[in-house]
Amino acid sequence: MYTKLNRIAEIARNKPKEKFTSLIHLVNKEMLIMCHNELSGNKATGVDKVTKKEYEANLEGNIDDLLNRMKVFKYRPQPVRRVYIEKAGSNKKRPLGIPAYEDKIVQLAINKILKAIYEQDFMDNSFGFRENRSCHDALKILNVYLSEKNTNYVVDADIKGFFDNVDHKWMMKFLEHRIDDKNLLRYIGRFLKAGIIENG
């Protein structure tokens, strides 16, 4: 599986305008089991109340059933369970979405495909939400820029409530610049429209 993802990454890196037309086939049994194995077993459950341990009691059967539903487009992501967590340094609370366990598996599979394509577009000094890169790494690089480069000012900006306000139609249009697999885009769209459940 990683060989296929590495090949996609290589094409994306060498051909920045390449459109990928066949990706959904990568969401296969091998990929879904790999994603299941990578997920943490001690995370909060979604609306389905299913844990990793419960899901893997019949892992082969559950994955086969999931794949069969995906192939005929009967798989629909469940609404995300919304909870609120304390926001450091503030009396406000931050909303957190907890997907159903099966949805976490599919999301991770799609995430791996998207990462293979889009990770190639990021500059090396970009740190936000990237694997093996932390806030501390960003601060180290910033320290190098401030101490060794001619810097006049630093701008700190944050988009308030980005995930609450991002335009899904435009996001899908941007994905279509590199992805022309209608089936993969269809599932991404379903995740965006799955909705939330709050306080039952």
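Okay, let's start in helix H8, residues 168-175: Trp-170 and Phe-174 sit 4 residues apart there, so about one helical turn separates them. Helices here are DSSP runs of H or I with at least four residues, strands are E runs of at least two, and both are numbered from the N terminus.

Before I go on, this is a predicted model, so local features need pLDDT of at least 70 and side-chain atom pairs pLDDT 80 or more, while totals for chains, interfaces and linings use all residues. Numbering runs from 1 along each chain as its sequence is written, and side-chain values use heavy atoms, leaving out hydrogens and water.

Back to the rings. Two rings of Phe, Tyr or Trp (six-membered ring for Trp) pair when their centres lie within 6.5 Å; planes under 30 degrees apart are stacked, over 60 edge-to-face, and the rest tilted. That gives 5 aromatic pairs. Trp-170 with Phe-174 is a tilted one, at 6.3 Å centre to centre and 45° between the planes. Both Trp-170 and Phe-174 are exposed. On that word: exposed is over 50% relative accessible area, buried is under 20%, and partly exposed is in between, with a 1.4 Å probe and protein chains only.

Which residues do ring pairs link into a cluster? They are Phe-73, Tyr-75, Tyr-187 and Phe-191. Phe-73 lies in the loop between H4 and strand S1 (80-86), and its phi is near 60°, positive although the residue isn't glycine. With 22% relative accessibility, Phe-73 is partly exposed. Asn-199 has a positive phi too, near 50°; that residue is in the segment after strand S3 (196-198) and is exposed at 81%.

Now the helix packing. H2 (residues 29-38) and H4 (residues 59-71) pack at about 125°, axes 10 Å apart. Axes are lines fitted to C-alpha atoms, for helices over the stretch in contact, and angles run from 0 to 180 degrees between N-to-C directions. So H2 and H4 are oblique to each other, given that under 35 degrees is roughly parallel, over 145 roughly antiparallel, 65 to 115 roughly perpendicular and the rest oblique. On the H2 side, the contact (heavy atoms within 4.5 Å) is made by Lys-29, Leu-32, Ile-33 and His-36, and on the H4 side by residues including Leu-59, Ile-63 and Leu-67.

To finish, the whole chain: 9 helices and 3 strands, in the order α-α-α-α-β-β-α-α-α-α-α-β. Of its 200 residues, 30% are buried.
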